[in-house]
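This briefing covers sheets, helices and a few selected loop residues. Keep the structure open while reading.

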Amino acid sequence: MGIKLDMVGIVVQDMKKALDFYRVLGFDIPEGANEEPHVEVAQDGFRLAFDTMEVAKGVYGGWEAPVGHRIELAFLCEDAAALDALYTKIISHGYESHREPWDAFWGQRYAIVKDPDGNLISLFA
């Protein structure tokens, strides 16, 4: 197959609030990006992009905020202890928990939080 998933884009209501969340999650994003309409963060050959609603309207010829479950991003943590520590860090910064850490019957540990735009962010180890 001649294609490769290269980037996931997220439309954000408030760039600074969104970037602050992803900084807490562990992404290295310069503070100067807070006022940009489009921001990309590279990690291991993959890009996560953030666009303001104005940029989305320009790209798509219009844009309406979706309702309900919009997108889920899942991040692999080193181990269960690292997952628990990251979850605690995120919650201590005032972000919303969707589901506290739990152990799945198949042996993996999970937790789910919400970013400022309501997107579900899964952590697993």
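Does D44 count as buried or exposed, and at what relative accessibility? D44 has a relative accessibility of 80%, over the 50% cut-off, so D44 counts as exposed. The model is a predicted one.

**The β1-β3-β2 sheet**

- Three strands make up an open sheet, ordered β1-β3-β2, with mixed pairing.
- The edges are β1 (7-12) and β2 (38-43). Each has a single partner strand, so one side of each is left without a neighbour in the sheet.
- On average, neighbouring strands here are turned by 20° against each other, direction ignored.
- Six bridges link β2 to β3 (residues 46-52), and this pairing is antiparallel.
- Two facing pairs can be picked out between these strands. V41 has L48 of β3 as its bridge partner, and E40 stands opposite A49 in β3.
- Helix α1 packs on this sheet and touches β1, β2 and β3. The direction of α1 makes about 155° with that of β3.
- Helix α2 (residues 53-60) also packs on this sheet, with β1 and β3 touched. The direction of α2 makes about 100° with that of β3.

- D44 sits in the loop between β2 and β3.
- The hairpin of β2 and β3 has two residues between its strands.
- Within this hairpin, D44 takes a positive phi near 50°. D44 is a residue other than glycine.
- For context, most residues other than glycine have a negative phi.

**The β4-β7-β6-β5 sheet**

- Four strands build an open sheet in the order β4-β7-β6-β5, again with mixed pairing.
- Its edge strands are β4 (72-76) and β5 (97-103), and each pairs on one side only.
- Neighbouring strands of this sheet are turned by 15° against each other on average, direction ignored.
- β5 and β6 (residues 109-114) run antiparallel and are joined by four bridges.
- In this pair, W102 stands opposite Y110 of β6.

**Helices on the four-stranded sheet**

- Helix α1 (residues 15-25) lies across β4, β6 and β7 (120-124). It runs at about 5° to β7.
- α1 therefore touches strands of both sheets: β1, β2 and β3 in one, and β4, β6 and β7 in the other.
- Helix α3 (residues 80-92) lies across β5, β6 and β7. It runs at about 15° to β6.

**Helix α3 in detail**

- α3 has 13 residues. From first C-alpha to last it reaches 18 Å, close to the 18 Å expected at 1.5 Å a residue.
- Which residues of α3 are buried? They are L83, L86, Y87 and I90.
- Seen down the helix axis, the buried residues of α3 fall within an arc of 100°, so they line one face of the helix.
- This buried set packs against α1, β5, β6 and β7.
- A81 and S92 are exposed, on the other side of α3.

**Loop residue E96**

- E96 lies in the loop between α3 and β5.
- With 47% relative accessibility, E96 counts as partly exposed.
- Beyond its neighbours within four places in sequence, E96 is in contact with I91, V113 and K114.
- E96 and L120 are 24 residues apart in sequence, and their C-alpha atoms are 9.9 Å apart in space.

**Loop residue W63**

- W63 is found in the loop between α2 and β4.
- Its relative accessible area is 23%, and W63 is partly exposed.
- Neighbours within four places in sequence aside, W63 contacts V11, M53, A56 and K57.
- M53 is ten residues from W63 along the chain, and the two C-alpha atoms are separated by 7.2 Å.

**Record annotation**

- An unreviewed UniProt entry places the feature "domain: VOC" at residues 4-125.
- In the model, the end C-alpha atoms of residues 4-125 lie 25 Å apart. This span is 26% helix and 34% strand.

Conventions. Residues are numbered from 1 along each chain as its sequence is written. This is a predicted model: local features need pLDDT of at least 70, side-chain atom pairs count only at pLDDT 80 or more; totals for chains, interfaces and linings use all residues. Side-chain values use heavy atoms; hydrogens and water are left out. Two strands pair if DSSP finds at least two bridges between them. Axes are lines fitted to C-alpha atoms, for helices over the stretch in contact, and angles run from 0 to 180 degrees between N-to-C directions. Contact means heavy atoms within 4.5 Å. Buried means under 20% relative accessible area, exposed over 50%, partly exposed in between (1.4 Å probe, protein chains only). UniProt positions are given in the numbering used here, feature names are shortened, and annotations may be inferred rather than shown by experiment. The expected span of a helix is 1.5 Å times one less than its number of residues. The arc is that of the directions from the helix axis to the C-beta atoms.
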